[in-house]
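Please read the following account with the sequence and the three-dimensional view side by side.

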Amino acid sequence: MTADRAPDRPPAPVPAYAGIAAKLRERIIAGEFKPGDRLPIEPELSAEHGVSRSTVREALRLLASQNLVTTTRGVAGGSFVAYPRPDQITEYLATSLNLLTLDTKITVDQLLEIREMLEVPAAGLAAARGDEAGRAELRGSLFDPSALDPAEIFAPNRHFHAVLLKMAGNPFLEVVTQPVFRVLNERFLRENAPVRFWYRVDHDHREILSRIEAGDEAGAREACHAHLENLRETYTTIDRTRLTGA
């Protein structure tokens, strides 16, 4: 005999504006509307979907909040498919990853593992593809821990890795790697890393730069991998303290 159980509740109905936004999103993603294309005007969308113009406007506002469309007023105005901006995508991914780290099932080791899978190959690509301008910018991002307040070190540290990713020559790599780097650094390092940690980071950065300047792809990957391994103990210690409140 099976125990009685409460019947499953039916899913909440999707608001009309959200349904229209979902259909327009599908058409944009499918390439029916490309960046810069004007979407059908409000009366046409209203007639097509059998809803009021105010419902259509709500759908367009939802798409605008997701950075999929932009709306302008005037004779030449309307709603247009937005041109994708890597910084907006990175910001969205970083925010989402930050929320995920609030769930203790997402560990710092898992974040480091993803970073290693992305940034170590990027270091090799930077050695192979980087030009003198990139190498000069990477050199310029080095810092002397003894000359800076710990609170001032975070920015040049972040810039070093941003330049390294840019030198890899693949904008998609920048978009997907930057959020992981930002979450690890902003959540765990910004105000928590001991001073001695930054001396280790400075040493590692100079080693990575040396391999990149020599055009040594394998050496750059090896130096970057060693750098991330050196970070692991500090990250995990800070994470443990964060979770226990000790």
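The structure is a predicted model, in which local features require a pLDDT of at least 70 and side-chain atom pairs count only at pLDDT 80 or more, while totals for chains, interfaces and linings use all residues. Residues are numbered from 1 along each chain as its sequence is written, and side-chain values use heavy atoms, with hydrogens and water left out. The pLDDT is the predictor's confidence in each residue, on a scale from 0 to 100. Its average over the chain is 87, and 90% of the residues score at least 70.

Read from the N terminus, the order of elements is α-α-α-β-β-α-α-α-α-α-α-α. Of the 246 residues, 37% are buried, a term that denotes under 20% relative accessible area, as against over 50% for exposed and in between for partly exposed (1.4 Å probe, protein chains only). Contact denotes heavy atoms within 4.5 Å. Among contacts between residues at least 6 apart in sequence, 74% join residues at least 24 apart.

Which angle do the axes of helices α5 and α7 form where they cross? The axes of α5 (residues 108-129) and α7 (residues 150-167) cross at roughly 65° and come within 7 Å. Such axes are lines fitted to C-alpha atoms, for helices over the stretch in contact, and the angles run from 0 to 180 degrees between N-to-C directions. Helix α5 contributes R115, E119, A122, A123, L125, A126 and R129 to the contact, and helix α7 contributes H161, L164, L165 and M167. These residues comprise seven nonpolar, one polar and three charged, where Ala, Val, Leu, Ile, Met, Phe, Trp, Tyr, Cys and Pro count as nonpolar, Asp, Glu, Lys and Arg as charged, and the others, Gly among them, as polar.

Two aromatic pairs are found in the whole structure. Rings of Phe, Tyr and Trp (its six-membered ring) pair if their centres lie within 6.5 Å; planes under 30 degrees apart count as stacked, over 60 as edge-to-face and the rest as tilted. The pair of F143 and W198 is edge-to-face because its planes stand at 75°, with the ring centres 6.3 Å apart. This pair links distant parts of the chain, as F143 lies in the loop between α6 and α7 and W198 lies 55 residues away in helix α9 (residues 195-213). F197 and W198 form another edge-to-face pair, 5.0 Å centre to centre with 80° between the planes. F143, F197 and W198 make up one aromatic cluster. Both F143 and W198 are buried, and F197 is buried too.

Helix α9 also holds H205, which is buried with a relative accessible area of 0%. Leaving aside residues up to four places away in sequence, H205 touches L142, F143, N157, F160, H161 and H227.

V56 counts as buried because its relative accessibility is 1%. With residues up to four places away in sequence not counted, V56 touches E42, L45, S46 and V51.

Notes
Helices (H or I, at least four residues) and strands (E, at least two) are DSSP runs, numbered from the N terminus.
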